[in-house]
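Trainee: Before we go through this model, could you show me how to read burial, helix faces and cores from it?

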Amino acid sequence: DWSSFEPNSMWIARTIHAPRDRDRVEQVFAEEVQRALRDGFAADEVEAAKQALLSRRRLNRAQDDVLASVLANNLYLGRTMAVSQQVDDAIAALTPQQVDAALRRYLAPERFAQALAGDFRQP
């Protein structure tokens, strides 16, 4: 997700797993990030992700509370809903090469911060 107010945005990944699986989840996550950086994404993966993101954006705009928040933010920022259309158009136009280039430019695993929450008592 990106911020309309700050020059930087966060990239967040979440998992739900049993405490005993923590080490394996961390290992698999690191492997997947490295694979994505090394190999990039297939065209069908990019297309599926684009469609999922565009669907989520349309669904959000169909929810009164989300739409009210978007309209309030737009008013504060001096924007219209045309900006949302421009973002949707830009997402729809993305190529796998553009996605891979952005991933390699901005995703820095060595700068990841990790937080854990839960009940970690062993049964």
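Mentor: Start with one residue. This is a predicted model, and in it V28 has 29% relative accessibility, so V28 counts as partly exposed. Buried would require under 20% and exposed over 50%.

Trainee: Where does V28 lie?

Mentor: V28 is part of helix α1. Its C-alpha is separated by 17 Å from that of L107, which is 79 residues away along the chain.

Trainee: Which residues make up the largest nonpolar core?

Mentor: Five residues form it: V33, A36, L37, L103 and L107. Helix α1, residues 22-39, supplies the largest share of this core, with three residues. L103 touches A36 and L37, and also F41, when residues up to four places away in sequence are not counted.

Trainee: Now the helices. How many residues does α2 have, and what does it span?

Mentor: Helix α2 runs over residues 43-61, which is 19 residues. From first C-alpha to last it reaches 27 Å, close to the 27 Å expected at 1.5 Å a residue.

Trainee: How do I find the sides of a helix?

Mentor: An α-helix has 3.6 residues a turn, so residues three or four places apart point the same way. Here, the buried residues of α2 are V46, K50, L54 and R57. They cover an arc of only 60° around the axis, which puts them on the same side of α2.

Trainee: Which residues are exposed on the other side of α2?

Mentor: D44 and L59 are exposed there.

Trainee: What covers the buried residues of α2?

Mentor: The cover includes α4, residues 82-93, and α5, residues 96-106.

Trainee: K50 is a lysine in helix α2. Why does K50 count as buried?

Mentor: The relative accessibility of K50 is 9%, and the cut-off for buried is under 20%, so K50 counts as buried.

Trainee: Which residues is K50 in contact with, leaving aside neighbours within four places in sequence?

Mentor: K50 is in contact with I91, A92, A93 and L94. For L94 there is also a polar pair to read: the backbone oxygen of L94 lies 2.9 Å from a polar atom of the K50 side chain.

Trainee: One last feature, the aromatic rings. Which residues form a cluster with W11?

Mentor: Rings are paired by the distance between their centres, with a cut-off of 6.5 Å. By this rule there are four aromatic pairs. F29 and F112 form one aromatic cluster with W11.

Key: Residues are numbered from 1 along each chain as its sequence is written. This is a predicted model: local features need pLDDT of at least 70, side-chain atom pairs count only at pLDDT 80 or more; totals for chains, interfaces and linings use all residues. Side-chain values use heavy atoms; hydrogens and water are left out. Helices (H or I, at least four residues) and strands (E, at least two) are DSSP runs, numbered from the N terminus. The expected span of a helix is 1.5 Å times one less than its number of residues. Buried means under 20% relative accessible area, exposed over 50%, partly exposed in between (1.4 Å probe, protein chains only). The arc is that of the directions from the helix axis to the C-beta atoms. Contact means heavy atoms within 4.5 Å. A nonpolar core is a set of buried Ala, Val, Leu, Ile, Met, Phe, Trp, Tyr and Cys residues joined through side-chain atoms within 4.5 Å. Rings of Phe, Tyr and Trp (its six-membered ring) pair if their centres lie within 6.5 Å; planes under 30 degrees apart count as stacked, over 60 as edge-to-face and the rest as tilted. A polar contact is a pair of N or O atoms within 3.5 Å; within protein, one must be able to donate a hydrogen and the other to accept it, and residues adjacent in sequence count only if both atoms are side-chain atoms.
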